[in-house]
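Q: Please take me through a structure, one feature at a time.

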Amino acid sequence: MSASTDPIEPPRLGEPYLLTPGPLTTSYAVKQAMLRDWGSWDDDFRGMTREIRNRLLALLGRGAEDFDCVPMQGSGSFAVEAMLGSFIPRDGKALVLINGAYGLRSAQTLNYLGRDHVVLDKGDYLPPRGAEVAEILTADPAITHVVAIHCETSSGILNPIAEISKAVYAAGRKLLIDSMSAFGAIDMQPSDIRFEAMVSSANKCIEGVPGFGFVIARKSEIEAAKGNCHSLSLDVHAQWDNMEKTGQWRFTPPTHAVASFLVALKAHEAEGGVAGRGARYARNRDVMVAGMRELGFETLLDSRWLSPIIVTFFCPADEKFVFSRFYSLMKAKGFIIYPGKLTAVDSFRIGCIGQMDEHVMRRVVTAAQETLAEMGVASAAPPAAALEERAKLAA
């Protein structure tokens with residue numbers, strides 16, 4: 001992978017870099033697009049809505065002609081709930097694959113919706129594998145849908161969606177994917193990975209701002225979803241039907257977020273689309289992880305499982321290391337990092353996505369080195385318990 005030569009412009013307003021899985025650092029052009037007001041009923045805005053739907057579908061690649069895109073107001077979790085409530089019928093049953101907070105959230109959502117479901121819970125970070133999915137589906141013919149997380153940002157793991165998909169369709173079931181933090185940077189061609197629907201959000205790998213998510217689903221699934229949904233505002237079929245007939249969102253859209261997202265989509269295309277964006281993020285990860293490992297930090301995951309989205313590091317065992325102080329000192333140097341979500345050991349996370357490149361990631365490593373020195377931390381090595389946890393994954 002070649003190194004980038006032209007550094008990305010730093011934030012003009014001087015704000016810290018957001019080393020998180022979204023919201024993330026956006027370009028000035030994306031911010032600037034929000035300075036104009038738009039009428040949600042106006043032809044110009046309806047044209048913008050149509051364009052973002054078309055551009056998002058184009059990101060799918062081969063097989064996209066069988067799908068349509070339905071933007072939904074709200075955060076990513078709104079879009080996930082819309083997908084689950086619209087495409088899993090009330091008499092259906094889901095298998096939810098869990099290895100972190102977002103799989104747990106899907107199961108919690110199904111509880112609220114009153115949808116029957118079972119879970120495969122692999123703990124904090126172990127990936128659900130195709131063979132396990134196949135075994136469960138064979139044992140329980142009542143399961144109609146499988147719900148999978150593409151990139152589980154609790155740990156930073158990139159789950160093996162391709163093998164999960166093969167197992168689901170070999171068993172004659174349907175796959176719904178939460179690709180919140182992966183779509184736009186990780187290939188999702190339906191010709192290679194079969195699924196019925198997936199969701200993502202404006203403020204992830206496309207590098208827009210928060211305000212809406214989107215559901216990309218087979219047209220046949222959308223048409224069949226009429227009457228399924230538990231909610232007026234989260235009904236994917238109703239939103240799609242209205243957009244097809246009028247070009248408008250059913251309720252007030254986040255007009256400024258939509259306008260800025262269109263700018264972000266054009267920048268995504270100019271960077272080389274999914275392949276180009278994914279390559280930059282992978283380079284960010286590789287440079288940052290190599291530098292942090294040189295400092296003595298250990299990643300939760302083996303290199304084969306590291307996503308180019310966000311990386312989890314174990315906190316050092318050194319008693320002088322206090323995460324809250326580490327966070328504050330890193331922020332003072334211009335970098336906002338992310339707390340860990342592991343239950344067994346202390347950890348923190350560093351994101352690789354947003355308007356950042358390898359030059360920024362080298363500065364992140366330097367900031368971490370300086371911060372450890374300021375704290376008087378002699379070693380960044382994790383406690384023995386952390387390495388024991390990682391050994392479970394390796395096994």
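Q: Which residues of α6 are buried?
A: The model is predicted: local features need pLDDT of at least 70, side-chain atom pairs count only at pLDDT 80 or more, and totals for chains, interfaces and linings use all residues. Residues are numbered from 1 along each chain as its sequence is written, and side-chain values use heavy atoms, without hydrogens and water. Helices are DSSP runs (H or I, at least four residues), as are strands (E, at least two), numbered from the N terminus. Buried means under 20% relative accessible area (1.4 Å probe, protein chains only). In α6, I161, I164, S165, A167, V168 and Y169 are buried.

Q: What covers the buried residues of α6?
A: Contact means heavy atoms within 4.5 Å. The cover includes β3 (93-98), α5, β5 (145-149) and β8 (174-178).

Q: At what angle do α5 and α6 pack?
A: Two packed helices are described by the angle between their axes and the distance between the axes. Axes are lines fitted to C-alpha atoms over the stretch in contact, and angles run from 0 to 180 degrees between N-to-C directions. Here α5 (residues 130-139) and α6 (residues 161-170) pack at about 20 degrees, axes 8 Å apart. That makes α5 roughly parallel to α6 (angles under 35 degrees).

Q: Which residues of α5 and α6 meet?
A: From α5, G130, V133, A134 and L137 meet E163, I164, A167 and V168 of α6.

Q: Is T371 buried or exposed?
A: T371 counts as buried because its relative accessibility is 0%. T371 lies in helix α12 (residues 358-375).

Definitions and conventions. Buried means under 20% relative accessible area, exposed over 50%, partly exposed in between (1.4 Å probe, protein chains only). Angles under 35 degrees count as roughly parallel, over 145 as roughly antiparallel, 65 to 115 as roughly perpendicular and the rest as oblique.
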